Amino acid sequence: MNATATRPSSWRRKDFISIEELTVGEIEQVFAVTAAFKRTLGRTHKKLPALRGKTIVNLFFEPSTRTRVAFEMASKLLSADVISLDMASSSTTKGETLRDTAQNIQALNADMIVIRHTAAGSPAYLSKLLRVPVINAGDGAHEHPTQAMLDCFTLREKLGSLKGRRITILGDILFSRVARSNIWAMTKLGAEVTLVGPSTLVPHWFTEFGVTVSHDLRSALADAEAIMLLRIQHERQISSHFPSLGEYTSMFGLNRTRASWMHADAIIMHPGPINRGVEIDSDLADSDRSVILEQVTNGIAVRMAVLYLCAGGSPENIAESDERGSPRPD
Ligand code: CP
């Protein structure tokens, strides 16, 4: 990385709550630091001292595999101590409020809190309440900002600049925080985004976000350079938005026939967890066109970058130390 040529100004955010509030410059800063950390992950000795002495507490009020493990791995790779509270056996089961839980975690000298919660807005609420950084790991159907960062980082690795790139997001947009964060990120980065799926899950009002809404799967697939699939978010749907999963699959599931409508070079993405045989057939999920597991791997470096920046690490230090081949940020 050429630190002098591309040196970004310092990161000023305490928290990482949403893509909506980020500037393009801030998104680029996260990408630059992610790229530097990703290079360090290729070394024999991957562990960096950047967050030594810090304690990061993960509060996952919803199930998670990828995000939780990636945040834990990122914390450990930066030499932080990490505690993942088991919410099922925490005092929230005795009626403790989110506010009290978070304030007690801070009083226990946590240096940073990573939170996933069913309630949209809870990370933003805590970020105003606490002096320690709060990182949003997904809040209801609102945002999943680190997921969008890793998705767009992967897209840039595959396509280069996203300016003018045609990206189709297929599936349950209405209830998807991943879709919302990606719409913000992709449009800020200049991509042309098309949302496609049944009209009940892809309502026309999404055009207000600067995207195209389509219910014509064939043309939405044929036009795209990247297809991002989303699963049906059963846990957030308050009423049935289509007759059955089988009906959804028959109309909008990505199968071999529909994949043949795609451009030969178009890539297939999915934030996970995938529902094989529902939104995507197994052979496509495992095909050469799929970058699903690369997305997951990039999630480590992205979370390292977000933790590092919100802990006060400077983009300049990681860029310069990466050039030296011996990262010693801060
Ligand atoms: N993509 C994603 O958020 O996956 P998890 O629910 O497993 O964290």
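Predicted model: local features only at pLDDT ≥ 70, side-chain atom pairs only at ≥ 80, totals over all residues.

Biologist: Good to know. Let's take the sheet: in what order do the strands of the open sheet come?
Modeller: The order is β7-β6-β5-β8-β9, 5 strands in an open sheet with parallel pairing.

Biologist: And which strands stand at the edges?
Modeller: Those are β7 (212–214) and β9 (267–269). Each has a single partner strand, so one side of each is left without a neighbour in the sheet.

Biologist: By how many degrees are neighbouring strands turned against each other?
Modeller: On average by 20 degrees, with direction ignored.

Biologist: Let's zoom in on β5. Is it mostly covered or mostly open?
Modeller: Strand β5, residues 166–170, is mostly covered, as 4 of its 5 residues are buried.

Biologist: How many bridges join β5 to β6?
Modeller: There are 5 bridges between β5 and β6 (residues 192–196), and the two strands run parallel. If you want a spot to look at, find Thr-168, which has Thr-194 of β6 opposite.

Biologist: What about β8, how many bridges pair it with β5?
Modeller: β8 covers residues 226–229 and pairs with β5 over 4 bridges, again in the parallel sense. Ile-167 stands opposite Ala-226 of β8, and Ile-169 has Met-228 of β8 as its bridge partner.

Biologist: What actually holds strands like that side by side?
Modeller: In general, strands of a sheet pair through backbone hydrogen bonds, in a parallel or an antiparallel way.

Biologist: Fine. Which helix goes with β5 and β6 in a β-α-β unit?
Modeller: That is α7, residues 177–188, and the unit of β5, α7 and β6 is right-handed. Helix α7 lies across β5, β6 and β8, and runs at about 175 degrees to β5.

Biologist: Switching to another helix: which residues of α5 are buried?
Modeller: In α5 (residues 122–129), Ser-122, Pro-123, Leu-126 and Ser-127 are buried. They are on the same side of α5, because they cover an arc of only 135 degrees around the axis.

Biologist: What do the buried residues of α5 pack against?
Modeller: They pack against α4 (98–107), β3 (112–117) and β4 (134–139).

Biologist: On to charges. How many salt bridges does the count come to?
Modeller: The count comes to 13 salt bridges. One of them is between Glu-294 and Lys-158, with the closest N and O atoms 2.7 Å apart. This pair links distant parts of the chain, since Glu-294 sits in α12 (residues 292–310) and Lys-158 in α6 (residues 145–159), 136 residues apart.

Biologist: Which residues are in the network of salt bridges that share partners?
Modeller: Arg-165, Arg-166, Asp-223 and Glu-225 are joined into one network.

Biologist: Last topic, the backbone. Where is the cis peptide bond?
Modeller: It runs from Gly-272 to Pro-273, with omega near -5 degrees. Pro-273 is in the loop between β9 and α11.

Biologist: And which residues other than glycine have a positive phi?
Modeller: Ser-79 has a phi of about 70 degrees, and Asn-109 has one near 75 degrees. Most residues other than glycine have a negative phi.

Biologist: Where do Ser-79 and Asn-109 lie?
Modeller: Ser-79 is in the loop between α3 (66–77) and β2 (81–85), and counts as buried at 16% relative accessibility. Asn-109 is in the loop between α4 and β3, and counts as exposed at 59%.

Notes
Residues numbered from 1 in each chain as written. Heavy atoms only, no water. Buried < 20%, exposed > 50% of the residue type's maximum accessible area, 1.4 Å probe, protein only. Pairing = 2+ DSSP bridges. Right-handed = clockwise from strand over helix to strand, strands pointing away. Arc of directions from axis to C-beta. Contact = heavy atoms within 4.5 Å. Salt bridge = Lys/Arg side-chain N within 4 Å of Asp/Glu carboxyl O. Axes fitted to C-alpha atoms, helices over the stretch in contact; angles between N-to-C directions.
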